[in-house]
Amino acid sequence: MKEQILAVQRMQDYIEENLEKEITLSDLAKVSLFSPWYSYRLFRQYVELSPAEYIRRLRLSRSAMRLKEEKCRVVDAAFDLGFGSVDGYQRAFFKEFGCNPGEYSKEPVPITLFVPYGVKFREMRKDEIDMKNLQSIFIQVIQKPERLCLIKRGISAEEYFKYCEEVGCDVWGLLMSMDSLCGEPVCLWLPEQYKEPGTSTYVQGVETTTDYKGIVPDGFDVIRLPEAEYLVFQSEPFREEDYGEVILAVEHAMDQYEPSVIGYEWDDSNPRIQLEPRGERGYIEMRAVKKRTIS
């Protein structure tokens, strides 16, 4: 992998680890191992934001989550995330999200959070599985209740990268700001009965209770999913740079698994579900099953 990409990734990692501290271009240059001028140029080239813009947007999004989840004071959210004044923070928050932080704290609405993606991961889309390095895959049965799912459809996407090309990666930031029945957004592969003509199989959304009365963001649809059992396939924790190989390993295990050994068969009338790959917990996919009928 190019040293320039690794340098930008080191800068992103440093920002993540020091977000509540003062971060200077000199600090970023030290971890990138390039000059300040060249570090700035590399960051803009690969991230498409200046370091200052990147830091500001990330701090605003982290502050929004604090306002929503911790119900902290606006002044604390401002100063703890490195803003010099409350007035400046409020103006920046309104410019970024279109609402006042005090109002958002009292009544959170869906907003598009800034979700940074490490530049090195764009270079790691692998097409083959190295079976010598295959990890253990853990499998369990879970029960999902009847629920609504607020989804953003694509055009023809069958997987994540194509979906991002069609609708943009900002959708995930919006979903992260919304409460979800399972605690986080989900990615779904929809069976035909849930698709609209000319729309994608792969979608992203949040699961909610069947009596959901909240806001449905513009461009989203609401579908109702029935109670169903799922087989959960989960990898071991992994290094973030290995995420592509781990995803393929889990999908390979799912393709090879025969649910009849535990008395089930696949239920393809329900969506297949993918959770965000997180190295500390492993990669997770779910596929619906039903009790096997014996004739």
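Predicted model: local features only at pLDDT ≥ 70, side-chain atom pairs only at ≥ 80, totals over all residues.
Local features need pLDDT of at least 70, and side-chain atom pairs count only at pLDDT 80 or more, while totals for chains, interfaces and linings use all residues. Residues are numbered from 1 along each chain as its sequence is written, and side-chain values use heavy atoms, with hydrogens and water left out.

View 1. Helices (H or I, at least four residues) and strands (E, at least two) are DSSP runs, numbered from the N terminus. The C-alpha trace spans about 70 × 50 × 35 Å along its principal axes. Of the 295 residues, 46% count as buried (under 20% relative accessible area, 1.4 Å probe, protein chains only). Contact means heavy atoms within 4.5 Å. Of the contacts with a separation of 6 or more, 74% come from residues 24 or more positions apart.

**View 2. Helix 1 (residues 3-17) against helix 3 (residues 36-47).** The two pack at an angle of about 90°, and their axes lie 9 Å apart. Axes are lines fitted to C-alpha atoms over the stretch in contact, and angles run from 0 to 180 degrees between N-to-C directions. The helices are therefore roughly perpendicular (65 to 115 degrees). Helix 1 contributes Gln-4, Ile-5, Ala-7, Val-8, Met-11, Gln-12 and Ile-15. Ala, Val, Leu, Ile, Met, Phe, Trp, Tyr, Cys and Pro count as nonpolar, Asp, Glu, Lys and Arg as charged, and the others, Gly among them, as polar.

**View 3. Helix 2 (residues 25-32) against helix 3.** Their axes come within 9 Å and cross at roughly 85°. This pair, too, is roughly perpendicular. Leu-25, Ala-29 and Ser-32 of helix 2 meet Pro-36, Ser-39 and Tyr-40 of helix 3. Four of the residues in this contact are nonpolar, two are polar and none is charged.

**View 4. Cys-187 in strand 3 (residues 186-189).** Cys-187 is buried, with a relative accessible area of 5%. Leaving out residues up to four places away in sequence, Cys-187 touches Trp-172, Tyr-202, Val-203, Gln-204, Arg-272, Ile-273 and Gln-274. Pro-259 is 72 residues from Cys-187 along the chain, and their C-alpha atoms are separated by 22 Å.

Conventions:
Parallel < 35°, antiparallel > 145°, perpendicular 65-115°, else oblique. Buried < 20%, exposed > 50% of the residue type's maximum accessible area, 1.4 Å probe, protein only.
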